[in-house]
Amino acid sequence: MFDFKEDTVKNRNLDQITSLKLQVPMSVNRLCMLGTYVPNLVELDLTDSFLPSFRDFAFKLDNLKVLKVASCNLKSLDGVWNIPNLEELFASDNDISDLMLCSTLVKLITLDLSRNKIMDLTRLHFLNFCEQLQFLSLSGCPVTKVENFEQNVRNILPNLNHFNGNQILEIEQENPKLTIQSIVCGNITAALRSRKTNYSGNKDAQIGDIHKVSNDDEK
């Protein structure tokens with residue numbers, strides 16, 4: 001296990017390290033200096049560590065894109081906003097119950113929160129702020145017991161490609177997704193068709209009237 005005590009790392013050149021795997025015990029309380037000592041981290045694996053909060057280590061990790069914190073005793077996502085460029089978060093087997101702070105991870109592509117304590121389906125709406133999110137896993141969470149759960153997830157997060165390890169089938173051809181643009185365009189098209197129909201009907205009526213007048217004149 002690597003020791004991040006100041007007297008241990010001050011004479012080492014750690015700028016070249018981009019990937020790091022650590023198992024942090026309860027006794028370590030200096031992990032907050034991780035981003036200072038290893039500033040160019042792209043991938044960090046802290047699986048099976050003791051980390052009640054992201055605040056314990058998420059500081060100056062601006063380059064971090066992949067974070068693995070499975071089975072780390074995490075109670076919440078408090079402090080995750082300190083990793084602004086995170087693209088993949090693997091945080092299964094923790095005690096996380098609220099997804100609100102995921103809304104700060106605007107570059108997130110993959111999110112694994114399997115076997116956490118997420119119970120409220122409405123909290124999934126916060127993931128819409130993660131506009132690039134494509135892969136989501138919530139298997140083993142209490143929320144999965146909600147009736148029509150998978151269909152509800154599709155409705156809440158229409159841009160997902162994979163859910164709980166399975167590819168989401170394209171259903172747009174059978175049931176086109178309604179958007180503001182499609183509704184507006186549909187209304188405009190319907191209005192134009194109606195106007196065209198009315199115009200054609202009026203024109204036919206006018207032509208009919210002309211023929212009628214002509215016939216009356218001949219009489």
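Predicted model: local features only at pLDDT ≥ 70, side-chain atom pairs only at ≥ 80, totals over all residues.
Buried means under 20% relative accessible area, exposed means over 50%, and partly exposed is what lies in between.

**Entry: Asp-93 and its partner**

I looked up Asp-93. Its relative accessibility is 33%, so I log Asp-93 as partly exposed. Next I checked what it pairs with. Asp-93 makes a salt bridge with Arg-115, and their closest N and O atoms are 2.7 Å apart. The two sit in distant parts of the chain: Asp-93 is in the loop between β4 and β5, Arg-115 in the loop between β5 and β6 (135-137), with 22 residues separating them. Arg-115 comes out as partly exposed too, at 43%.

Which residue does Asp-95 form a salt bridge with? I found Lys-117, with the closest N and O atoms 3.7 Å apart. Here again distant parts of the chain are joined, since Asp-95 belongs to the loop between β4 and β5 and Lys-117 to the loop between β5 and β6, 22 residues apart. Asp-95 has 24% relative accessibility and counts as partly exposed. Lys-117 is partly exposed as well, at 43%. I then saw that Lys-75 joins Asp-95 and Lys-117 in a network of salt bridges.

**Entry: Asp-78 and Arg-55**

I counted salt bridges for the structure and got 6. One of them ties the side chain of Asp-78 to that of Arg-55, at 2.7 Å from N to O. Asp-78 is partly exposed, at 24%.

**Entry: Val-69**

Is Val-69 buried or exposed? I read a relative accessible area of 0%, so Val-69 is buried. I located Val-69 in the loop between β3 (66-68) and β4 (88-90). Leaving out residues up to four places away in sequence, Val-69 touches several others, among them Leu-46, Leu-51, Phe-54, Phe-57, Leu-89 and Phe-90.

**Entry: Thr-110**

Last, I turned to Thr-110, which lies in strand β5 (residues 110-112). Its relative accessibility is 15%, so I put Thr-110 down as buried. Setting aside neighbours within four places in sequence, I listed its contacts as Glu-87, Glu-88, Leu-89, Phe-90, Leu-133 and Phe-135. Leu-89 and Phe-90 had already turned up in my list for Val-69.

Note on methods. Residues numbered from 1 in each chain as written. Heavy atoms only, no water. Helix = DSSP H or I, 4+ residues; strand = E, 2+ residues; numbered from the N terminus. Buried < 20%, exposed > 50% of the residue type's maximum accessible area, 1.4 Å probe, protein only. Contact = heavy atoms within 4.5 Å. Salt bridge = Lys/Arg side-chain N within 4 Å of Asp/Glu carboxyl O.
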